[in-house]
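Open the model in your viewer and keep the sequence panel beside it. Each stop below names a selection and then says what is there.

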Amino acid sequence: MTKQLRRRKARIAAIWSGVLAGVAAAAAMTTVMAGSATAATTLGASAAERGRYFGTAVAANKLSESAYTTILNREFNSVTPENEMKIDATEPNQNQFNYANADRIVQHARSQGMQVRGHTLAWHSQQPGWMQNMSGTALRNAMLNHVTQVATHFRGQVVAWDVVNEAFADGSSGARRDSNLQRTGNDWIEAAFRAARAADPNAKLCYNDYNTDDWTHAKTQAVYRMVQDFKQRGVPIDCVGLQSHINNQSPYPSNYRTTLSSFAALGVDVQITELDIEGANATWYRNVVNDCLAVPRCNGITVWGIRDSDSWRASQTPLLFTGAGAKKPAYDAVLQALNNGVIPTTSPTTGQPTTPPPVTTPPPVTTPPPGPGGCTATVSLQSWTGGFVATVRVTAGSSGTNGWRVTMTLPSGATITNAWNTTRSGNTGTVNFTNVAYNGRLTAGQTTEFGFQGNGVGTGMTPTCTAT
Ligand code: XIL
């Protein structure tokens, strides 16, 4: 039997044992499975029984080490590339993309039936030199192009993206972190989220940060207010990632569960994305797992590496396996905490029966008649009371385009407040949208997307596209 088959069988067995356990639990009025014959023996299998994943950061250059992949394949059902999807790795020169190492990790994950978390599309750190030297509109456009290109490349293969990483300052200010991206305007985060949604409508879009574990900290509160604001204004955000690099200077906070449940109450999933704990304090590891299991929308935990020797903070020995690959006491604590968790009969996030992750359908797209030139355009709308976001997809005709122009008449009373991946001629009435530097040239049949946000009602717009 292949590993994949074994894994699939194990997963099906896990689902069935979940169903059976649910039935047994209902009958016996107890759902605690610890110590029973069915207790799972790996982190991934135990988390999966509870409708969650247990993942790790992976480095592409270690995939050829069998000691490494043995643990990876046995224990984990989710992976996050540790560095391979970062901006410096995927776009080393402007508009020249390199996905080789990230693709290796994605292929490995897929061959093992693991899911992939994408990390990260927009960040002040690990920027390639060309981006570090940019500012203003040029940087904003380069960032949006990066988000669009990378999210498009991995479309359908990444379950959740850390769209924006570490955008808030430490300390008591609650302010945004100063960075070249922040200096392009405060709306750079929402612009990145909209571009990511347009490029991969099915991926969960997360905001990810560190030092956001303690509910009383100014930084935690600031991130909370941003997510609340995004939800209120219809900015597409689905999840919050807490890195949770816990150490003796920023210890496990007793209000961690409050932090998780408070974010979840905003209507987003919560994921623990980069967990490591100085000295691998088993009690703190157990607390983190218990807190996640107690919050239905905390749907997964990722540790930031497999063995202590793999850790970015190796000297703190913060992980679950020794350098030699042995399970540490923290491993036992984590597995036991997982196995003690209630097995839901419905998925905590979706309320659906626990089956493999659901495939969501992209929003419906209305198809207008073809444009007069060598391109066509379609528009899809996300609306709320008083506003909307329009995503416009441009498709080149049989001769391709060097540039394009999309003309649309807004309904009376509708006003555009901002637009991305395009230059526009006005805010109301009939508006021309033209390509920007990086998305004008399309080969036959190729598509690109731009978008805009508006006040009022956006329904009934019919785009016409002209190749220029
Ligand atoms: C770290 C990697 O683990 C290191 O290999 C690299 O040298 C620096 O970045 N927050 C994040 C991660 O979001 O991307 C960082 O990963 C750790 C802190």
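Predicted model: local features only at pLDDT ≥ 70, side-chain atom pairs only at ≥ 80, totals over all residues.

**Stop 1: the ligand**

Select the ligand and the residues around it. There are 13 of these residues, and those that come nearest are Glu82, Lys86, His119, Glu274 and Trp304. Show the side chains of three of them and look at the oxygen atoms of the ligand.

- Lys86: a polar atom of the side chain lies 2.7 Å from a ligand oxygen atom.
- Glu274: the distance from a polar side-chain atom to an oxygen atom of the ligand is 2.8 Å.
- Trp304: an N or O atom in the side chain is 2.9 Å from an oxygen atom of the ligand.

**Stop 2: two backbone features**

The peptide bond that joins His119 and Thr120 is cis, with omega about 0°. Thr120 has its place in strand β3, residues 115-123.

Next select Glu166, in the loop between β4 (160-165) and α8 (188-199). Glu166 is not a glycine, yet its phi is positive, near 55°. For background, most residues other than glycine have a negative phi, and most peptide bonds are trans.

**Stop 3: α9 and α10**

Select residues 218-233 for helix α9 and residues 256-264 for helix α10. At what angle do α9 and α10 pack? The angle is about 15°, and the axes are 10 Å apart. α9 is therefore roughly parallel to α10, since angles under 35 degrees count as roughly parallel. The two helices, α9 and α10, cross in a right-handed sense.

Now show side chains. From α9, Thr220, Val223, Tyr224 and Val227 meet Thr259, Ser262 and Phe263 of α10. By class, the contact of α9 with α10 has four nonpolar residues, three polar and no charged.

**Stop 4: α11 and α12**

Finish with helix α11, residues 282-294, and helix α12, residues 329-340. Their axes are 8 Å apart, and the packing angle is about 20°. That angle makes α11 roughly parallel to α12. α11 passes α12 in a right-handed crossing.

On the α11 side, select Ala282, Tyr285, Arg286, Val289, Asn290 and Leu293; on the α12 side, select Pro329, Ala330, Ala333, Val334, Gln336, Ala337 and Leu338. Together these residues make the contact. Which classes do the residues of the contact of α11 with α12 fall into? They comprise 10 nonpolar, two polar and one charged.

Notes:
Residues numbered from 1 in each chain as written. Heavy atoms only, no water. Axes fitted to C-alpha atoms, helices over the stretch in contact; angles between N-to-C directions. Helix = DSSP H or I, 4+ residues; strand = E, 2+ residues; numbered from the N terminus. Parallel < 35°, antiparallel > 145°, perpendicular 65-115°, else oblique. Left-handed = near helix turned anticlockwise from the far one by under 90°. Contact = heavy atoms within 4.5 Å. Nonpolar A, V, L, I, M, F, W, Y, C, P; charged D, E, K, R; others polar. Near = heavy atom within 4 Å. Polar contact = N/O pair within 3.5 Å; in protein donor to acceptor, adjacent residues only side chain to side chain.
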